Amino acid sequence: MEMLAKPSPRQLAILRVVLHLASLLPLARLLFLGVTDGLGDEPVRAVLWKTGDWSLYMLCFTLAVTPLRRVTGWNWLAAFRRLPGMYAFAYGVLHFATYLWLRRSAELLAVLARILTRMPLLTGFISLVIMLVLAATSFQVAMRWMGGKKWQWLHRLTYVSAVLAVVHYWLEVSRYGANQPLWFGAIVAALLLFRLAAFIARRNRNQE
Ligand code: HEM
């Protein structure tokens with residue numbers, strides 16, 4: 001327990017490597033299935049599904065770090081918020097690139113117009129643009145330049161990105177009658193409620 005409460009720098013470095021490897025595993029699996037013809041009848045669509053799924057999983061892991069830190073009191077977890085966030089963005093970019101590949105026979109401008117005018121695609125696009133802004137400002141130098149408070153407010157947009165990703169997921173798959181997006185919606189809502197409750201409790205304490 002002592003180790004979990006206060007890991008040594010060496011243990012943190014090992015954990016970081018393990019988390020990178022674990023985050024790259026879905027990509028390695030996709031590449032393996034790709035070269036061994038294991039992606040089914042519609043391989044590009046299978047890549048679209050898997051990269052979309054993993055972008056959303058990683059977003060949920062990112063949102064779970066702070067509640068887990070508050071519940072356990074393991075403050076070192078703060079150093080592991082950026083890692084899943086960057087992988088959420090990376091899988092999101094792969095997902096977007098796969099979509100463009102799927103539509104490669106059409107004019108790029110027509111594809112972009114389609115993304116910007118169809119709600120199921122637009123929600124995913126805005127979610128990804130928010131991740132781009134967050135990834136670009138996730139460095140120490142950006143935090144120092146913006147100031148802690150402004151930076152913190154900007155990075156709360158992670159919730160907006162996650163909500164839009166869930167809406168996108170739901171709008172894309174509801175026609176198949178799938179209900180997985182509802183599970184993700186419940187997870188994101190629970191994480192958001194936890195943060196809201198903590199925020200209100202802190203404000204009340206400060207006013208007392
Ligand atoms: C420009 C941005 C995006 C575009 C054009 C896009 C496009 C698509 C399309 C066309 C599908 C439907 C695939 C199908 O059922 O055949 C889809 C599914 C999905 N997308 Fe996106 N998406 C974008 C961004 C995102 C982002 C940022 C996330 C997550 C953070 C995401 C998560 C998902 C998920 C989870 C699915 C369902 C995958 C499944 O059925 O297992 N998408 N996307």
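Helix axes here are lines fitted to C-alpha atoms over the stretch in contact, and angles run from 0 to 180 degrees between N-to-C directions. Helices are DSSP runs (H or I, at least four residues), numbered from the N terminus.

This is a predicted model: local features need pLDDT of at least 70, side-chain atom pairs count only at pLDDT 80 or more, and totals for chains, interfaces and linings use all residues. Residues are numbered from 1 along each chain as its sequence is written.

**Stop 1: α2 and α3.** Select residues 9-35 for α2 and 43-72 for α3. Their axes come within 11 Å and cross at roughly 175 degrees. The pair is therefore roughly antiparallel (an angle over 145 degrees). Now pick P26, L30 and G34 on α2, then P43, V47, K50 and W54 on α3; these make the contact (C-beta atoms, placed from the backbone, within 7 Å).

**Stop 2: the ligand.** Show the 23 residues around the ligand (C-beta atom, placed from the backbone, within 6 Å of it). G52, S55, G124, F125 and A165 come nearest. Two or more residues each come from α3, α4 (82-102), α6 (119-136) and α9 (157-173). Which helix gives the most to this shell? α3 does, with eight residues.

**Stop 3: α10.** Select residues 180-207. The first and last C-alpha of this 28-residue helix are 41 Å apart, close to the expected 40 Å (1.5 Å times one less than the number of residues). α10 is hardly covered: one of its 28 residues is buried (20 or more other C-beta atoms within 10 Å of its own, with C-beta atoms placed from the backbone).

Technical notes:
Parallel < 35°, antiparallel > 145°, perpendicular 65-115°, else oblique. Contact = placed C-beta atoms within 7 Å. Buried ≥ 20, exposed ≤ 12 C-beta atoms within 10 Å, placed from the backbone.
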